[in-house]
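Subject: Structure for you to look at, with notes

Dear colleague,

Please read the notes with the model open beside you.

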Amino acid sequence: MRRRRTGTIAVVSALGMTAVLGGCGLTGGSDEVTLRLVAADYGDSAANSSEKYWNSLVEEYEKDHPDVTVEVSVYSWTDVDRKVKELVDAGEAPDLAQIGAYADYAKADKLYSASELLSITTQADFLPQLAAAGAVNGAQYGLPFASSTRLLFYNKSLFAEAGFEAPQTWQELVAAAEALKANGVKFPYALPLGPEEAQAETMQWLLSGRGGYTDPNTGTYVLDSDENVETFDWLKSELVGEDLVGPVAPKSLNRADAFEAFTDGDVGMLNGHPTLMKAAAAKGVKFGMVPMPGIEGPSRISMGVADWMMAFKQNGHAEEIGDFLDFVYDDENVLAFSREYDLLPVTSPVWDTMSVAKEDADLKPFLDALPTSELYPVGRTSWAAVNAAIKQKIGRAVSYGGDPATVLRELQATAATEESAE
């Protein structure tokens with residue numbers, strides 16, 4: 001049985017943060033504990049804000065937990081990582097943070113490990129590759145909270161008009177793009193290498209070219225590997241050089257703009273994640289999803305992404321934190337969160353449930369890709385700087401006059417410097 005504790009739950013919005021910061025961590029008698037959680041907002045409107053999700057979750061927790069209060073502050077993804085850093089730097093770390101990265105805090109010895117918090121059942125339920133991505137030096141500090149994978153989206157109507165099926169290889173992708181261009185499609189293949197999320201598009205292409213950011217055996221950065229250089233040489237010559245990526249230079253095209261163009265019917269193909277399904281369907285775009293094409297066939301490895309829950313040691317509430325997290329990661333709650341926000345589950349039991357449930361059929365291609373997906377090297381504190389450098393520089397690799405080998409060597413040099421500092 002997973003542990004259960006008793007408590008009272010209070011939920012506050014981002015606007016209520018000042019009141020949260022004024023708390024001392026203990027309320028009422030000596031046996032009453034207040035846990036502070038800072039969380040990211042996954043909603044796209046007030047109707048499905050994460051504040052509503054947490055409100056419902058902690059209200060349920062309240063029924064059986066009169067001695068623990070959980071105060072939740074929800075921020076947009078634009079602000080949440082910065083807010084947590086400000087709190088930690090001010091010596092007022094929250095008990096829990098649900099944000100995008102954990103490695104810096106783990107390196108600074110500010111976090112509890114999973115084994116210090118969770119029941120054996122909860123810890124064992126995490127999908128293995130997500131648990132591994134949350135580990136630093138063999139100990140898990142990042143608890144996966146939400147995940148997704150990437151697939152190639154294609155506009156079925158535009159493909160039918162061009163007389164093509166979904167591509168499985170790079171050459172089939174080029175052939176389809178040429179036909180789409182001939183039919184006047186604005187973006188035959190949208191290649192967003194702009195600063196918003198260039199690291200995602202880059203990684204998906206590198207994986208499809210049998211490369212990646214790190215060596216699968218040693219974990220060291222291999223940004224300028226022969227495979228990676230060959231992939232970007234191909235992108236530059238076969239896609240960008242043949243004017244198959246549309247009127248916006250890849251270095252200037254951001255993911256959000258590419259997604260919007262897809263939902264407007266102006267994109268033949270692009271890499272996307274599950275939230276694109278709802279946006280495209282809302283505008284009546286008929287689309288299909290397939291694994292990323294590779295050199296000789298569909299890529300066997302998709303890019304995976306995870307967001308993280310972490311627990312800070314500063315306030316010393318390990319037992320209460322662990323009990324609350326056992327509740328958060330209960331199968332029913334993980335399933336409800338995943339379905340509410342069209343995200344993939346982080347635990348094996350819920351993955352099993354969603355993989356066969358009719359109501360989750362739209363997510364099945366993403367679910368199928370999750371067990372063999374590869375994540376960013378988020379367990380390395382160097383990743384933040386490397387990630388920023390990729391966003392800033394990788395678009396130059398396929399620009400006119402740019403040289404993929406030179407850009408990738410620059411990125412490898414950045415990675416080596418940051419690794420040395422780490």
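By class, the lining of the largest cavity in this predicted model comprises three nonpolar, three polar and four charged residues, where Ala, Val, Leu, Ile, Met, Phe, Trp, Tyr, Cys and Pro count as nonpolar, Asp, Glu, Lys and Arg as charged, and the others, Gly among them, as polar. Those lining residues are Arg 150, Pro 192, Glu 197, Ala 200, Glu 201, Gln 204, Arg 255, Phe 259, Asn 271 and Gly 272, and the space they line amounts to about 90 Å³. Helix 9 (198–208) supplies the largest share, three residues, while helix 11 and strand 10 (267–272) each supply at least two.

On conventions, residues are numbered from 1 along each chain as its sequence is written, and side-chain values use heavy atoms, with hydrogens and water left out. Because the model is predicted, local features need pLDDT of at least 70 and side-chain atom pairs count only at pLDDT 80 or more, whereas totals for chains, interfaces and linings use all residues. Helices (H or I, at least four residues) and strands (E, at least two) are DSSP runs, numbered from the N terminus. On a 1 Å grid over the protein atoms alone, a cavity is a set of points where a 1.4 Å probe fits but cannot get out, and a pocket is an open set with protein on both sides within 12 Å along at least five of seven lines, lining residues having an atom within 4 Å of a point. Grid points are joined across faces, edges and corners, and a volume is the space filled by probe spheres set on the points.

The count comes to two cavities of 30 Å³ or more. The second largest cavity holds about 70 Å³, and its lining divides into 10 nonpolar, two polar and no charged residues; helix 14 (331–340) gives the largest share of that lining, four residues.

The second largest pocket has a volume of about 430 Å³. Of its 20 lining residues, Thr 214, Glu 374, Leu 375, Tyr 376 and Pro 377 are the closest to its centre. Helix 6 gives the most to this lining, with three residues, and by class the lining has 10 nonpolar, seven polar and three charged residues.

There are 17 salt bridges in the structure, each being a side-chain nitrogen of Lys or Arg within 4 Å of a carboxyl oxygen of Asp or Glu. Arg 150, Glu 196, Glu 197 and Arg 255 are linked in a network of them. Arg 380 and Glu 419 meet at 2.4 Å, N to O, and Glu 410 pairs with Lys 393 at 3.9 Å. Lys 181 forms a salt bridge with Asp 243, the closest N and O atoms being 3.7 Å apart; this pair links helix 8 (residues 170–182) to the loop between helix 10 and helix 11, 62 residues apart.

That loop also holds Val 245, which counts as buried at 4% relative accessibility, whereas Asp 243 is partly exposed at 43% (buried means under 20% relative accessible area, exposed over 50%, partly exposed in between, with a 1.4 Å probe and protein chains only). Val 245 touches residues including Phe 187, Tyr 189, Leu 239 and Pro 250, contact meaning heavy atoms within 4.5 Å.

With best wishes

Note on methods:
Lists of a residue's contacts leave out its neighbours within four places in sequence.
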